[in-house]
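This report is for a reader new to the structure. The sequence and the model are shown here.

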Amino acid sequence: GVEVLVQKKVRALREARVTYVDGRPFHGYWRIRQSLKSASAASTRGGFQDFNFPLETIAPFVESFANKTGVPVGGVDLIWKDNPDVQQEPYTLEVSPTSDINPPSPPDWKEGYAEFKHTKGFRHAYLGIRRKWTEAMVLAVVDRHRRSKGHLFVGMDTLFNRNSQVVDGALD
């Protein structure tokens, strides 16, 4: 059989998107519906984003979530029944190990986030946050390998010289 989890429908004005690497929150923001009658908080549906998000406060839940689900890297959507209180355990709407990241809009931005995505500054901001995320993922992979092996040796000559030979078993 197929394991299924069914949860009660929760309606709220705010939901959170938290992107995490190796169980550690990296980036987060609130998605805010225009009203409870709105079908979604997505920017394509008229929702707004608020990047003033308490990553440190949600960190214990995210670490626990990543460990319990076995999904060490991803973007998770969270919602709270009443007022969003990140110190309380949320409902998990979904998790995606291949999620994308929205960069923060400029502090003086007054329009919806969907409009920001069509500005000249969006691409630069998007590539900047993606670069930081990629760096965090690489560091997490290297750290995980180092912890599992107890050491990590990288020979610069081997990395940059095609004629170098690697000792058998050195990369295991």
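What covers the buried residues of α3? The cover includes β1, β2 (24-32) and α2 (113-116), with contact meaning heavy atoms within 4.5 Å. Helices (H or I, at least four residues) and strands (E, at least two) are DSSP runs, numbered from the N terminus.

This is a predicted model, in which local features need pLDDT of at least 70 and side-chain atom pairs count only at pLDDT 80 or more, while totals for chains, interfaces and linings use all residues. Residues are numbered from 1 along each chain as its sequence is written, and side-chain values use heavy atoms, with hydrogens and water left out.

The protein chain has a mean pLDDT (the predictor's confidence in each residue, from 0 to 100) of 80, and 80% of its residues reach 70 or more. Two helices mark the ends of the confidence range:

| Helix | Residues | Mean pLDDT |
|---|---|---|
| α1 (highest) | 55-69 | 93 |
| α4 (lowest) | 156-160 | 58 |

Helix α3 (residues 120-149) spans 45 Å from its first C-alpha to its last, close to the expected 44 Å for its 30 residues; the expected span is 1.5 Å times one less than the number of residues. Its buried residues (under 20% relative accessible area, 1.4 Å probe, protein chains only) are Phe-122, Ile-129, Trp-133 and Ala-140.

Lys-37 sits in the loop between β2 and β3 (48-50). Lys-37 counts as exposed (over 50%) because its relative accessibility is 79%. Between Lys-37 and Arg-11 there are 9.2 Å in space, C-alpha to C-alpha, and 26 residues in sequence.
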